[in-house]
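Please keep the sequence and the coordinates at hand while following it.

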Amino acid sequence: MSTITLPKTYDVIVIGAGHAGCEAALAASRMGCETLLTTITIDSIAQMSCNPAIGGPGKGQLAREIDALGGDMAKAIDLAGIQFRMLNTKKGPAVWSPRAQADKCLYQSVMRSSLERQEGLEVKQLMVTGLVIKKGAVAGVVTDSGLKILGKTVVVAAGTFLNGVIHIGNATLSGGRMGEFSSVSLGQCLRELGFSMGRLKTGTSARLLSRSIDFSCFEPQLGDKNPSPFSYDTKSINIDQVKCYLGYTNKKTHKLIRDNLSRSPLYSGKIKGTGVRYCPSIEDKVVKFPEKDRHQIFLEPEGRKTCEIYVNGLSTSLPQDVQIKMLMTIDGLKKAQIMRFGYGIEYDYADPTQLLATLETKKVRNLYFAGQINGTTGYEEAACQGLIAGINAALRVKNKSPFVLDRTQAYIGVLIDDLTIKGTEEPYRLFTSRVEHRLVLRQDNADLRLSKYAFKLGLISRKKLATIKQKGKTISTELSKLNSLRHGNTTLAKLLKRPEMNYQKIAALDSRVAKVSEEIAAQIEIEIKYEGYIQREKSFIQRLKKLDDKIIPENFPYKQINGLKKEAMEKLDKIKPRSIGQAMRISGISSGDIALVLLRLE
C-alpha cells in the first residue's frame with residue numbers, strides 16, 4: 001500500500017476519543033498546541049460504554065479535580081445530568097462523593113460540541129494502525145488507508161479497542177465495543193516496539209425497554225433535593241430529576257446462573273484476561289459469594305427522552321437465551337424486553353510501570369499512554385489520565401518542565417503514582433480508601449488545591465483564579481473570626497464544633513459573622529469540626545513532602561550501589577522512581593535499600 005503524508009505537522013496527536021482522549025485533546029489545544037484527535041467513529045465520541053453515570057466514591061473526587069484543572073467532564077455532566085446525589089453523607093466529609101446519572105446521548109453531544117468548537121483542535125475519523133518512530137522518539141502515526149500524519153508528540157488513549165474481543169456465551173466477535181471495529185494492528189505495533197502487554201476483561205449489562213418493566217416491584221431511588229453541581233463554574237442544578245430503582249436477584253436467578261456456568265466464557269476458559277474485582281459480573285458474584293441469597297441491581301435510565309434502561313449490577317457474558325431466562329426470574333422483569341444484550345470484552349493493556357509520572361513512556365520519547373491502556377477501569381480514571389497526558393505532551397512541545405501531581409496533592413496523584421510505581425494486573429479502580437490523605441483532599445476543595453496549577457498551565461483564566469482566591473480568603477477570614485469572637489464563656493469556633501451546631505446557627509448568634517454561600521459555609525464547618533485531624537494530616541504531609549522532594553536523577557546508577565539487593569536493584573532500575581518517596585512505595589524495597597540509595601544520592 002502506498003503511503004501519503006499529510007502536509008501538516010501537528011504538535012499533539014491523540015489516538016482515541018473516549019473520556020481520556022477528549023480531555024487530552026482539549027488540554028493540549030487550550031495550551032496553544034496544534035492538536036489532532038483521531039477516532040474510529042466520530043459518532044462514538046465520549047461514549048458511555050457501561051453505566052450512564054459520572055462520579056461515585058473516589059470517582060466523584062476525580063471529576064471535581066479534572067474540573068479544577070480546566071477539564072470538561074464536570075461541566076458536561078452538569079449539563080447532561082438527569083439525577084444528582086451526594087453519596088456517603090452519613091459518614092465523614094473525607095468520603096463524601098458526588099454522583100450523577102447522565103443522559104448518555106446528551107453527554108456525548110455536549111463533549112463533541114466542546115471538541116468541535118475548540119480553537120487549534122481538529123477531529124478526524126481515522127483508524128490509526130501504527131506509529132512513526134525516529135531515533136527513539138515518536139514522530140507521528142500511520143492509518144489503515146496508508147495516510148502518514150506527522151506529530152511532535154502522540155497520546156495513545158485507545159480504551160478497550162486494542163485487540164478487543166467481545167464474548168457472549170460461546171460466540172466471539174472482534175470489536176472494541178459492540179458494533180465497532182477492534183484495533184488489532186496498533187496493539188501489534190506496540191508489542192513490536194518492545195512494550196510489555198497483557199490482557200484484561202470488563203463487561204456490561206443488558207439494556208431493557210422501560211415500558212416492559214413493572215417498576216412497582218422496585219424501590220424508587222430519588223436524587224438530592226438540593227443537588228450539588230460537579231463543576232465549580234456551575235452555580236446550581238435546576239432540573240426535574242428522574243428516578244432510578246433498586247431491586248434484587250434471588251435464589252432462582254442464582255440457580256439458573258450456576259446451572260449454565262459451563263456456557264459462560266468466564267468459566268469455560270475462553271476468557272483469559274483478568275476481570276474487574278470491584279465491579280464483577282453476576283456470574284462472578286454468584287460463584288464467589290455462594291452464601292448470598294440476593295444481589296442488588298439498579299435500574300438506571302440512559303436518558304430523559306429514551307426508553308432504554310441500564311441494569312446496573314447484572315453485567316454478564318452469558319449466552320443470550322440465558323440472559324432472557326435470567327431476567328424472567330426477577331420480579332418486575334418477567335416480561336422485560338432486552339434492547340441490547342450484555343457482553344464481556346477482552347482487550348490489550350500495557351504494564352503502566354513502563355511509564356514516567358508524566359504518563360510518557362520510558363521506551364519511546366514523546367509517546368504518552370492514557371486511560372484503559374494503562375490498566376484502569378472507569379470514565380473518571382481515564383479522563384484524569386488523558387488530562388495529565390495532554391498537559392505533559394503540550395509542555396514537551398513547548399520545552400517546559402513537566403507537570404506532576406503527587407499523592408499528597410490530589411486523587412489524580414494517587415492514581416498515577418499507584419499505576420507507575422506498583423503497576424496492576426487487574427483493572428484498577430480508585431477508591432477513597434486508596435487515598436491516605438483523603439480528609440485534606442476532599443471533593444469540596446479541589447479548586448482551592450489545584451486552580452493555581454491550572455492558571456499557570458493556561459487552562460483557566462485570571463478572572464477565574466481571582467474568584468477562587470477570593471473564596472479561599474473568605475474562608476480564611478471567617479475561620480479567624482470564629483476563633484476570636486466569643487459567645488458567653490467560649491469562642492464561636494468551639495461552639496461550632498458541637499454536633500448539633502452549623503454555620504447558619506452560629507451566624508444567627510452574632511451579626512459580625514458573614515452571610516456566605518452554602519458551599520463556603522460547609523467548608524468552614526469541616527475546617528472547624530475536624531480541625532485537629534486536618535492539622536495532624538497536614539503535618540504528616542509535610543514530613544512526606546521532604547521525601548518526595550528528594551529527586552532521583554532519571555539515569556541514576558542503581559547497579560553501581562554496593563550492598564543493594566539484586567531484587568531491589570532490578571525493580572528500581574525498571575521503575576525509575578522520580579523521588580525517594582516513590583522509591584519507598586515500591587513493593588519489596590526495604591528501608592535498608594532506601595538508606596543505600598540515599599547515601600549514593602548524597
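## S231 and its contacts

In this predicted model, S231 is in contact with R64, D67, A74, K75 and D78, once its neighbours within four places in sequence are left aside. S231 itself lies in the loop between β14 (219–221) and β15, and with a relative accessible area of 1% it is buried.

Two of the elements that supply these partners can be described further.

## Helix α11

Helix α11 (residues 411–422) has 12 residues, which at 1.5 Å a residue should span 16 Å, and the 16 Å between its end C-alpha atoms agrees with that expectation. The helix is mostly covered, with 11 of its 12 residues buried. These buried residues are Y411, I412, G413, V414, L415, I416, D417, D418, L419, T420 and I421, so that the list includes residues at both D417 and D418.

Just after α11, G423 takes a positive phi of about 70 degrees.

C244 is found in strand β15 (residues 244–248), and its relative accessible area of 5% makes it buried. Not counting residues up to four places away in sequence, C244 touches Q83, Q101, E219, P220, Q221, L299, E300 and P301. The C-alpha atoms of C244 and I309 are separated by 9.5 Å, although the two residues are 65 residues apart along the chain.

R294 lies in the loop between α8 (282–288) and β16 (296–301), and at 48% relative accessibility it counts as partly exposed. Its contacts, again not counting residues up to four places away in sequence, are with Y248, T249 and H254. R294 and P229 are also 65 residues apart in sequence, but here the C-alpha to C-alpha distance is 34 Å.

## N163 in its loop

Is N163 buried or partly exposed? With a relative accessible area of 26%, N163 is partly exposed, and its place is the loop between β9 (147–156) and β10 (165–168). Leaving aside neighbours within four places in sequence, N163 is in contact with S182, S183, V184, R199, E346, Y347 and D348. The C-alpha atoms of N163 and S174 are separated by 7.7 Å, the two residues being 11 residues apart along the chain.

For N88 the angle is about 65 degrees, and for L359 it is near 75 degrees. N88 sits in the loop between β4 (81–87) and β5 (97–102), while L359 is found in the loop between β19 (343–350) and β20 (367–369).

The accessibility of each residue can be set beside its angle. N88, at 27% relative accessibility, counts as partly exposed, whereas L359 is buried, with a relative accessible area of 1%.

## The chain as a whole

The chain contains 20 helices and 22 strands. Its radius of gyration is 25 Å, close to the 25 Å that the globule rule gives for 602 residues, and the chain is therefore as compact as a globular protein of that length. Along its principal axes, the C-alpha trace spans about 80 × 70 × 50 Å. Of the 602 residues, 58% count as buried, and among contacts with a separation of 6 or more, 73% are accounted for by residues 24 or more positions apart.

The chain exposes about 26100 Å², of which carbon and sulfur atoms supply 51%. As for charge, there are 89 positive and 61 negative side chains, and the centres of the two sets lie 2 Å apart.

Terms used. Residues are numbered from 1 along each chain as its sequence is written. Side-chain values use heavy atoms; hydrogens and water are left out. Helices (H or I, at least four residues) and strands (E, at least two) are DSSP runs, numbered from the N terminus. Buried means under 20% relative accessible area, exposed over 50%, partly exposed in between (1.4 Å probe, protein chains only). The radius of gyration is taken over C-alpha atoms; the globule rule is 2.2 Å times the number of residues to the power 0.38. Contact means heavy atoms within 4.5 Å. Accessible areas come from the Shrake-Rupley method with a 1.4 Å probe; for residues, only the protein chains shown count as cover. Lys and Arg count as positive and Asp and Glu as negative; His and the chain ends are not counted. The place of a charge is taken as NZ of Lys, CZ of Arg, CG of Asp or CD of Glu. The expected span of a helix is 1.5 Å times one less than its number of residues.
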